[in-house]
Amino acid sequence: MTHLRVKLISYTPDPERVVCAAARICYSARDPLEVFENMGPEEIARTIRVVKQKGHLSVLEHANFTFVIDGCSRVCTHQLVRHRIASYSQRSQRYVKESGEDYVTPQTLEQDDEALKLYREHLSRSYELYTRLLGRGVPKEDARFVLPQSTATTIMVTMNARELLHFFGLRTCHRAQWEIRDVAARMLEQVKTVAPVLFEDAGPRCLSLGYCPEGYEECYQEVLKRWKQ
Ligand SMILES: Cc1cc2nc3c(=O)[nH]c(=O)nc-3n(C[C@H](O)[C@H](O)[C@H](O)COP(=O)(O)OP(=O)(O)OC[C@H]3O[C@@H](n4cnc5c(N)ncnc54)[C@H](O)[C@@H]3O)c2cc1C
């Protein structure tokens, strides 16, 4: 068994000032360093809201955020790495031997004793086979073919603010798969503490659109209740 950890470990210093300076440089003939150093919090907040509203989103790309995500399944990271405007470093199954102790259990299995027993038996057999193959000299990169998707992993991801807003729109959605939704929610919670204006309206797309793009009206009402609390 394993526990999910999601930690924002690094980010562009003063990310909102950097984004605002990028916007200001586009629209002003003032000295760029003077602009960067002398903008007050109100000007920064106002400018960020204007560029987001206008769709001048490239200026958001100057702010980067790096997370370590640990204890999620390879099911989850497979979805995560589909987001292309990002950088990833994931623990390699070619070089690192998997322990068999670290795996993710979906709640639906936790709630069903018989299903949970079958699940654990299957995982146990898979890891046993993995170990036997390694014991016969099969390299890790080949023995890993028998490992389950529930195997826990560690991944570092860096995304800029523009990509994060897009990612949150898709992955904090109530319709997203529960594990990546959990990861996205934890990422959002942390970036909000360091860049509250940049991420003030981040969340499922239905919040900004005013309807569910996937057509789940009931779910949209639930989301509204939860996010407005
Ligand atoms: C509800 C849902 C269901 C899904 N179901 C499936 C599924 O059944 N099968 C499956 O394979 N995947 C599925 N996915 C994954 C999905 O197809 C995307 O791979 C994933 O969401 C990454 O998002 P993205 O492509 O929008 O953007 P990112 O890769 O995060 O890129 C951000 C944005 O950059 C732009 N961009 C990036 N690369 C290009 C490019 N090459 N050309 C043009 N513009 C680009 C696009 O505007 C894109 O939205 C699903 C995703 C969701 C949210």
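# Exposure, helices and core in a predicted model

Aspartate 14 is partly exposed, because 15 other C-beta atoms lie within 10 Å of its own. Throughout this report, a residue counts as buried if 20 or more other C-beta atoms lie within 10 Å of its own, as exposed if 12 or fewer do, and as partly exposed in between, with C-beta atoms placed from the backbone. The structure is a predicted model, in which local features need pLDDT of at least 70 and side-chain atom pairs count only at pLDDT 80 or more, whereas totals for chains, interfaces and linings use all residues. Residues are numbered from 1 along each chain as its sequence is written.

**Overall layout.** The secondary structure of the protein comes to 11 helices and 4 strands, where helices (H or I, at least four residues) and strands (E, at least two) are DSSP runs numbered from the N terminus. Taken along the principal axes, the box filled by the C-alpha atoms is roughly 70 × 45 × 25 Å, and of the 229 residues in the protein, 25% are buried. Two residues are in contact if their C-beta atoms, placed from the backbone, lie within 7 Å; among contacts between residues at least 6 apart in sequence, 75% join residues at least 24 apart.

**Loop positions.** Aspartate 14 lies in the loop between β1 and α1, and its phi is near 50°, a positive value in a residue other than glycine. Glycine 40 is placed in the loop between α2 (32-38) and α3 (41-54) and counts as exposed, because it has 8 C-beta neighbours inside 10 Å. Arginine 94 sits in the loop between β3 (86-90) and α5 (107-110); with 9 other C-beta atoms within 10 Å, arginine 94 is likewise exposed, and, leaving aside neighbours within four places in sequence, it is in contact with Lys140 and Glu141.

The table sets out C-alpha separations for some residue pairs.

| Pair | Separation along the chain | C-alpha separation |
|---|---|---|
| Glycine 40 and aspartate 112 | 72 residues | 56 Å |
| Arginine 94 and glutamine 107 | 13 residues | 30 Å |
| Valine 19 and glutamate 141 | 122 residues | 42 Å |

From its first C-alpha to its last, α3, with 14 residues, reaches 20 Å, close to the 20 Å expected at 1.5 Å a residue; the expected span is 1.5 Å times one less than the number of residues in the helix. The buried residues of α3 are Ile44, Thr47, Ile48, Val51 and Lys52. These residues cover an arc of only 130° around the axis, which puts them on the same side of α3, the arc being that of the directions from the helix axis to the C-beta atoms. The face turned away from this buried side carries the exposed residues Glu42, Gln53 and Lys54, while α1 (15-27) is among what covers the buried residues. Just after α3, glycine 55 takes a positive phi of about 85°.

Helix α9 (residues 178-194) has 17 residues and spans 25 Å between its first and last C-alpha, close to the 24 Å expected at 1.5 Å a residue. Within α9, Ile180, Val183, Ala184, Met187 and Val191 are buried. Down the axis of α9 these buried residues fall within an arc of 95°, so they line one face of the helix. Trp178, Glu189 and Thr193 are exposed on the other side of α9, whereas the buried residues of α9 pack against β1 (5-11), β2 (64-73), α4 (74-80) and α8 (161-171).

**The nonpolar core.** A nonpolar core is a set of buried Ala, Val, Leu, Ile, Met, Phe, Trp, Tyr and Cys residues joined through C-beta atoms within 7 Å. The largest one has 37 residues, of which Val19, Ala161, Leu164, Val183 and Leu198 touch the most other members. Two or more residues of this core come from each of α1, α3, β2, α4, β4 (152-160), α8 and α9. Valine 19, found in helix α1, is buried, with 28 other C-beta atoms within 10 Å. Not counting residues up to four places away in sequence, valine 19 touches Ile48, Val59, Leu60, His62, Ala63, Ala161 and Leu198, and leucine 164, counted in the same way, touches Phe65, Met159 and Val191.

**Around the ligand.** Arg82, His83, Arg84, Ile85, Glu163, His166, Leu170 and Arg175 are the residues around the ligand, a residue being near a molecule if its C-beta atom, placed from the backbone, lies within 6 Å of it. By class, this shell has 2 nonpolar, 2 polar and 4 charged residues; Ala, Val, Leu, Ile, Met, Phe, Trp, Tyr, Cys and Pro count as nonpolar, Asp, Glu, Lys and Arg as charged, and the others, Gly among them, as polar.
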